[in-house]
Amino acid sequence: MKIAAAQLTCVPADVPANVARATALAVRAREEGAGLLVLPELVLTGYELRAVAEDPSLWVTPEDPRLDPLRSSGIATVVNCAAPGPGGRPVIASLVFGPAGVLLTTYAKQHLYEQERDHFSAGDRDGRFELGGLRFCLATCFDNHVPELAARGAADGCRVHLASSLYGTGNGVRERAALHPALARDHGLYVALANHVGPAGPWTGCGGAAVWAPDGTLLAEADDRAPGLAVAEVPGAVAEVPGPVAEAPVTGPGAVAGR
């Protein structure tokens, strides 16, 4: 299976516009033969923490009709967004849809970064799903700085670690380059990093969406300037062909509902 890690510039607090941008990359990834696309952190709103926390219309559920273009793109997608959480606060959630648009699982970010704690609730369970004969684990940005999360994924039989993130210019460039190949080497995982490029709330995304092999070798990398994809082959999996969209329950740990 080919896996695509995306980078893009989001429109601040505009879910339909960002769905359109993400869908264009999903279609491009599918045309390049990818079976799965992972998107950056808070891809549907940009990294606009206060605006997102104060406006529940920017929160997304798996059934939200605004997601229809992504669900019908013909490729499995990991869509990171604000979603309703416990106590009336949102969580930073990854919604994972299969190639036919069926929800496979959700995951709420467990390790919130600095000011995120003022606006969001943290998740309390790991995220897993299976696709094309591979087992995947999920992480969101600062999650990747807690090595126990990736270690649990590897111990649970995961082959690929998917990181929806925001790394900015400056220190973020160095963190991005050092952390992810080390995660791959230390835990024997393929690691796919999706990132922002250009303006992202108070930051400037540094791009460099990438995929690393389990020995830390860089397999594919996007540039630091423009929206695009890093696409790489993960052996031992088969692509899944989309079929009719059917109702399916949320499965696996990390479901947003009931948190």
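Leucine 166 sits in the loop between strand E8 (160-164) and H5. The model described here is predicted. Leucine 166 has a relative accessibility of 9%, so it counts as buried, the limit being under 20%. Apart from neighbours within four places in sequence, leucine 166 is in contact with Glu41, Tyr47, Cys141, Asn195, His196, Ala200, Trp203 and Gly205.

**The largest pocket**

Leucine 166 also belongs to the lining of the largest pocket, where Tyr113, Leu166, Gly168, Glu175 and Trp203 lie nearest the centre. The lining has 15 residues, and the volume of the pocket is about 330 Å³. By type, seven of the lining residues are nonpolar, five are polar and three are charged. Which helix gives the most to this lining? Helix H5 (residues 171-187) does, with three residues.

**The chain as a whole**

The protein chain contains five helices and 13 strands. Its radius of gyration is 16 Å, close to the 18 Å that the globule rule gives for 259 residues, so the chain is as compact as a globular protein of that length. The C-alpha trace spans about 45 × 45 × 35 Å along its principal axes. Of the 259 residues, 57% count as buried. Among contacts with a separation of 6 or more, 67% are between residues 24 or more positions apart.

**Nonpolar cores**

The largest nonpolar core has 41 residues, and Leu37, Leu39, Leu44 and Leu95 have the most contacts inside it. Two or more residues of this core come from each of strand E1 (2-8), helix H1 (15-31), strand E2 (34-38), helix H2 (49-54), strand E3 (76-84), strand E4 (90-97) and strand E5 (103-108). H1 gives the most, with six residues. A second, separate core has 30 residues, including Leu36, Leu131, Ala220 and Ala230.

Leucine 95 can be followed in detail. Leaving out neighbours within four places in sequence, leucine 95 is in contact with Val60, Thr61, Pro62, Leu67, Thr77, Val78, Val79, Cys81, Leu103, Thr105 and Thr106. Threonine 77, one of these partners, lies in strand E3. Is threonine 77 buried or exposed? Threonine 77 has 0% relative accessibility and so counts as buried. Beyond residues up to four places away in sequence, threonine 77 touches Ala26, Leu36, Leu37, Leu70, Leu95, Val96 and Phe97. Leu37, in this list, is among the residues with the most contacts in the largest core, whereas Leu36 belongs to the second core.

**Residues with positive phi**

Most residues other than glycine have a negative phi. Leucine 42 has a positive phi, near 50°, and cysteine 141 has a positive phi of about 45°. Leucine 42 is placed in the loop between E2 and H2. Cysteine 141 is placed in the loop between strand E7 (134-140) and helix H4 (147-155). Cysteine 141 is also one of the contacts of leucine 166.

The table lists the relative accessibility of the residues discussed.

| Residue | Relative accessibility | State |
|---|---|---|
| Leucine 166 | 9% | buried |
| Threonine 77 | 0% | buried |
| Leucine 42 | 0% | buried |
| Cysteine 141 | 10% | buried |

Note on methods: Residues numbered from 1 in each chain as written. Predicted model: local features only at pLDDT ≥ 70, side-chain atom pairs only at ≥ 80, totals over all residues. Heavy atoms only, no water. 1 Å grid on protein atoms, 1.4 Å probe; cavity = no way out; pocket = protein on both sides within 12 Å on 5 of 7 lines; lining within 4 Å. Points joined across faces, edges and corners; volume = space filled by probe spheres on them. Helix = DSSP H or I, 4+ residues; strand = E, 2+ residues; numbered from the N terminus. Nonpolar A, V, L, I, M, F, W, Y, C, P; charged D, E, K, R; others polar. Core = buried A, V, L, I, M, F, W, Y, C linked by side-chain atoms within 4.5 Å. Buried < 20%, exposed > 50% of the residue type's maximum accessible area, 1.4 Å probe, protein only. Contact = heavy atoms within 4.5 Å. Rg over C-alpha atoms; globule rule 2.2 N^0.38 Å.
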